[in-house]
Amino acid sequence: MNSTRIVVIGAGPAGTRAALTLARAGLRPTLIDEAPSNGGQIYRRRPQALGDRGNPYGFETRKAARLHRDFDAARDAIDFRGDATVWDVKPGIVHAIEQNRAITMGWDRLIIATGAMDRTIPFPGWTLPGVITLGGAQTLLKAQRSIAGSRVVLFGSGPLLYLVAYQYARAAAGVAAVLDTSPRARLSDAATAAIAGGTAFLKGLYYVSALAARGIRIWTGVTGFAVDGDGTVKRATWTDAQGVARSLPCDAVAAGFNLVSQTQIADLCELQFAFNALQRQWLPVVDDAGRSANPAIYLAGDGAAIGGADVAELTGERAALALLADLQQGASQRRIERINRKLRRSARFRKALDGRLFPFPEALARALDDDVMICRCEGITAGEIRNSVETLGADELNRAKAFSRVGMGRCQGRVCAAAATELIADAARCPIERVGRLRGQAPVKPVPLALIAGDAER
Amino acid sequence: MAVSGPTAGVKRLDGARQTVALTVDGEVIAAFRGETVLTALLTARGWIRTFEFGAEYRGGFCLIGACQDCWVRLKDGTPMRACTTLVADAMDIVTDEQH
């Protein structure tokens, strides 16, 4: 048996499928995740004590069941470590906190499958309790059998906006309105997406018509969004596509603008990054099999580029097959070609989604008033960020961070970096890629110092 | 101690499950086994903690362990991320930053 030590970070669809592929080839990978079980965000498993009512995975039920069934059947062949947070990666060593105990794991090959989170654009009132991300609203429903509120306003852009709205409406949660910042889709764009997207696009249309059938109003071309309330969410206000001021009472708001890749661990590994103009974010550079510039490190799933769950599973398998080929373990060329064909088709759909149907509304971030808080960890406002550019001359994100503390808090800029980048580019009148990206630093997630001091060898 | 914060928006979809009793800022609240500390706090009182740099309440944001907005402490000082920690019997949680 091959004794190569392989660590897969992240047990969503990409990491799980990668580990399963390696296990099937007779290797015994370590698969590590912050959650107690596998599934990631999309196929997150609800704690058993909360029952299985409400079909948490919707149209994706069969895919979720297959991934979970395959994983459960292979548990003995995979060294799975749940409840384990990776906080640093050094050449040959992964540092993690596993169930309140510091551990280290040696590795010869690494697959990074760290997934994504909602991309946020702040707005007045966004730090009120009751304002959460779209993904958070979905997690509450799927994994906790709870809903964000009785009258929920869903705001943002991207496929998740309509999926979460549909899921909330079906769960008999009151959806007050769906507010989309994207303009109403032009027929030609929708047709492009439909041709490239196939069933994925049809699902989107189904969500929209199901919302309409329930009398839930969808507003497009929304700007000037804000939430009012004294310590809690009371009312949402916005400007509609015709420039008319609108408002609705509500008790919760879920917001998000597509997803942003979680690349902090890839950054700790000092991988090469490049700016992806379509996704408007910096991403690790990989070849078409997920190999990074470091020959021992591979990437897969949304942590490499936003592609969704199906693409994540395919790229997870493909990265594992590339790793096997690199170890001279043999990998099915026919399978690789089949995966590549599917991925090429998905890439066309993704291009239509990101570029045409749900463009990132950078103007929304750039128009924020000076007093709107951007960095919710440190309490840094849009005005303070603009000041760091206009008065102090910062025209790069890490300099603006040094001057204003934006992105210096415990989330390390995961939440605020997208908007801060837009504000800096706007104030410095430079292209967004010139603003650069925040550098990841260990620990990439907060860990109690007392635990790290006891860092033990496995 | 700040226990009279904003009211709750988060609601449970099912009733009648096995409950767990935990203490939050000196008050006993009931939660369902399998819920996170975040779900328990938002359901019981609608907020998680007070912001350390200003007079505002916070209720978490991403709910998936990324934004780090929902850190609280056990009474013995152990820090705990509310959205990724499941409730357990006899948990004694302190959400006030001044301790």
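Predicted model: local features only at pLDDT ≥ 70, side-chain atom pairs only at ≥ 80, totals over all residues.
Begin by selecting Val24(B): opposite this residue, in strand 3 of chain B, stands Glu27(B).

In general, the strands of a sheet pair through backbone hydrogen bonds, in a parallel or an antiparallel manner.

Next, display the whole sheet to which the two strands belong. In chain B, five strands form an open sheet in the order 3-2-8-6-7, and the pairing is mixed. Which strands stand at the edges? They are strand 3 (27-32) and strand 7 (79-81) of chain B; each has a single partner strand, so one side of each is left without a neighbour in the sheet. Turn the view along the sheet to follow the twist, which averages 40° from one strand to the next.

**The helix across the sheet**

To see them, select Val37(B), Leu38(B), Thr39(B), Ala40(B), Leu41(B), Leu42(B), Thr43(B) and Arg45(B). Just after the helix, select Gly46(B), where phi is positive, at about 85°.

**The second largest cavity**

Leu42(B) is among the residues closest to the centre of the second largest cavity, together with Pro129(A), Gly130(A), Ala148(A) and Val10(B). This cavity holds about 100 Å³ of space, and 14 residues line it. By class, seven of the lining residues are nonpolar, six are polar and one is charged.

**The largest cavity**

How many cavities of 30 Å³ or more does the structure hold? There are five, and the largest has a volume of about 490 Å³. To find its centre, select Val260(A), Gln281(A), Ala417(A), Arg437(A) and Leu438(A), the closest of the 29 lining residues.

Then colour the elements of chain A that each supply at least two residues of this lining: strand 18 (259-261), helix 7, strand 19 (273-276), strand 20 (281-284) and helix 13 (417-428). Which of the elements gives the most to the lining? Helix 13 of chain A does, with four residues. By class, the lining of the largest cavity comprises 11 nonpolar, 11 polar and seven charged residues.

Gln264(A) counts as buried because its relative accessibility is 13%, and the cut-off for buried is under 20%. Setting aside residues up to four places away in sequence, Gln264(A) touches Arg414(A) and Val444(A).

For the last stop, select Ala73(A), which has its place in helix 2 of chain A, residues 61-73. Is Ala73(A) buried or exposed? Its relative accessibility is 71%, so Ala73(A) counts as exposed, the cut-off being over 50%. Ala73(A) and Leu20(A) are 53 residues apart in sequence, while their C-alpha atoms are 9.8 Å apart in space.

Terms used. Residues numbered from 1 in each chain as written. Chains lettered and ligands numbered in written order. Heavy atoms only, no water. Buried < 20%, exposed > 50% of the residue type's maximum accessible area, 1.4 Å probe, protein only. Pairing = 2+ DSSP bridges. Axes fitted to C-alpha atoms, helices over the stretch in contact; angles between N-to-C directions. Contact = heavy atoms within 4.5 Å. 1 Å grid on protein atoms, 1.4 Å probe; cavity = no way out; pocket = protein on both sides within 12 Å on 5 of 7 lines; lining within 4 Å. Points joined across faces, edges and corners; volume = space filled by probe spheres on them. Nonpolar A, V, L, I, M, F, W, Y, C, P; charged D, E, K, R; others polar.
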